[in-house]
Amino acid sequence: MSAWFLTNGFGPEHHSFAGTAGLLLAVEVVSRGSEIVDRVIKKAEYAKAGIPRSWVIERDTVTTVHRHVLNTSTGEYEPDEGS
């Protein structure tokens, strides 16, 4: 698992805290000011780690949840049309 922090206003800093082995779902809440990191960079990291499902939660007026499932052939997430 990884976390991103803004440090001294010079951009995001990456820290790893724990492994992702056996992790079935990554949930990311999009934060104001780090939208690109939350929507793009972290999602790519989760896919690279092989996490089968990813949810991206937008804190908009209705709290939108985007569900994705990992396509193991391409290594990229696709919209989860299932459930």
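This is a predicted model: local features need pLDDT of at least 70, side-chain atom pairs count only at pLDDT 80 or more; totals for chains, interfaces and linings use all residues.

Analyst: The four strands of the open sheet are arranged in the order β3-β4-β5-β6, with mixed pairing. Strands β3 and β6, the latter covering residues 76–79, are the edge strands, each pairing on one side only. On average, neighbouring strands of this sheet are turned by 30° against each other, direction ignored. Helix α1, residues 35–48, packs on the sheet and touches β3, β4, β5 and β6, while its direction makes about 170° with that of β3.

Within the sheet, strand β4 (residues 53–58) and β5 run antiparallel and are joined by six bridges. V65, which lies in strand β5 (residues 64–71), is the bridge partner of I57. V65 counts as partly exposed because its relative accessibility is 40%, and it belongs to a nonpolar surface patch together with L24, L25, V27, V29 and W55, the group having about 490 Å² of accessible area. Strand β3 (residues 25–29) supplies the largest share of that patch, three residues.

The structure also holds four salt bridges. R39 and E58 form one of them, with their closest N and O atoms 2.9 Å apart; this pair links distant parts of the chain, since R39 sits in helix α1 and E58 in strand β4, 19 residues apart. R39 is partly exposed, its relative accessible area being 37%, whereas E58, at 13% relative accessibility, counts as buried.

A further salt bridge joins D80 to R53, the closest N and O atoms lying 2.6 Å apart. Because D80 lies in the segment after β6 and R53 in strand β4, this pair ties together parts that are 27 residues apart in sequence. D80 is buried, with a relative accessible area of 15%, while R53 is partly exposed at 36%.

Within helix α1 itself, D38 and K42 are four residues apart and therefore separated by about one helical turn. D38 forms a salt bridge with K42, in which the closest N and O atoms are 3.5 Å apart, and both D38 and K42 are buried. Salt bridges with shared partners join E28, D38 and K42 into one network.

Methods:
Residues are numbered from 1 along each chain as its sequence is written. Side-chain values use heavy atoms; hydrogens and water are left out. Patches are made of residues with over 30% relative accessible area and no salt bridge: like charges are joined within 9 Å, nonpolar side chains (Val, Leu, Ile, Met, Phe, Trp, Tyr) within 5 Å. Accessible areas come from the Shrake-Rupley method with a 1.4 Å probe; for residues, only the protein chains shown count as cover. A salt bridge is a side-chain nitrogen of Lys or Arg within 4 Å of a carboxyl oxygen of Asp or Glu. Helices (H or I, at least four residues) and strands (E, at least two) are DSSP runs, numbered from the N terminus. Buried means under 20% relative accessible area, exposed over 50%, partly exposed in between (1.4 Å probe, protein chains only). Two strands pair if DSSP finds at least two bridges between them. Axes are lines fitted to C-alpha atoms, for helices over the stretch in contact, and angles run from 0 to 180 degrees between N-to-C directions. Contact means heavy atoms within 4.5 Å.
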